[in-house]
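Here are a few friendly notes to read with the model open beside you. Take the points in order and find each residue as you go.

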Amino acid sequence: MAQLDLLLESFARILPDLGAVALLLAYVAGVITSLLPCFFSTIPLIIGYVGGTATDAKRGFALSAMFALGMALTMTVLGILAALAGQLLLWGGRWFYLIVGALMILMSLQLFGVYEFIPSTYLTSVSKRRGMFGALLTGILAGLFASPCSTPVLIVLLSLVATQGNVVWGILLLLSFSLGHAVLIIAIGTSVGLARHITSSPRYGTISTILQIMMALLTLALGLYMLYLGF
């Protein structure tokens, strides 16, 4: 049992110790969440909402890049706040880990589709601006609660950042996640036809479902581990 405790305590520090690998994992998580149907299907709608057109690739690229930048800004700020909050809340000891663990388990249930804790709102109607500034503002708003499938993963990352209380690592981790999340946004914003091509593929539904289940299982495992640390 002592060896198991030692192994688990070492695992608690694995993400920041992994360095570039942890950042790569966050980047991959960003790419995966952008592929999930509940976010993927909204990208053309969001880009079109702020003024993009299927026939103007340059404008679509610029608008989608501004939208992605807005999301990156929000996520990075959230990473800073999570790290600062973690520094203040770590004094709570076991209760802090219990709360984080419970939150992660709730997010895993969202990813499994058991219950929708985060509603399907994309905040595009909040912003009345169009053009480049409108795309940036919409991206900033979407970074808060972008979708019911990508936000749970974002919350898990923020929880991990909070458990470490490292501001620099929080910035880098959330920036990596947002960059991964931006790849498909920019690609589809530039070519709306790409979205139609991908979604029309019979393999897309199967692959996206498998990816969502894998992320749900990983989130559940992390939540249970945090509860273990709390108890």
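1. Start with F177, which touches A26, Y27, A29, G30, T33, M75, S150, V153, L154 and L157, leaving out residues up to four places away in sequence. Contact here means heavy atoms within 4.5 Å.

2. A word on the source: this is a predicted model, where local features need pLDDT of at least 70, side-chain atom pairs count only at pLDDT 80 or more, and totals for chains, interfaces and linings use all residues. Residues are numbered from 1 along each chain as its sequence is written, and side-chain values use heavy atoms, with hydrogens and water left out.

3. F177 also belongs to the largest nonpolar core, of 26 residues, where M71, V161, L173, L174 and F177 touch the most other members. Helix 3 (20-35), helix 6 (57-89), helix 9 (150-164), helix 10 (167-190) and helix 12 each supply at least two residues of this core. Such a core is a set of buried Ala, Val, Leu, Ile, Met, Phe, Trp, Tyr and Cys residues joined through side-chain atoms within 4.5 Å; helices are DSSP runs (H or I, at least four residues), numbered from the N terminus.

4. Is each one buried or exposed? S108 counts as buried because its relative accessibility is 0%, while L106, at 34%, counts as partly exposed. Buried means under 20% relative accessible area, exposed over 50%, and partly exposed in between (1.4 Å probe, protein chains only).

5. Leaving aside neighbours within four places in sequence, S108 is in contact with A216, T219 and L220.
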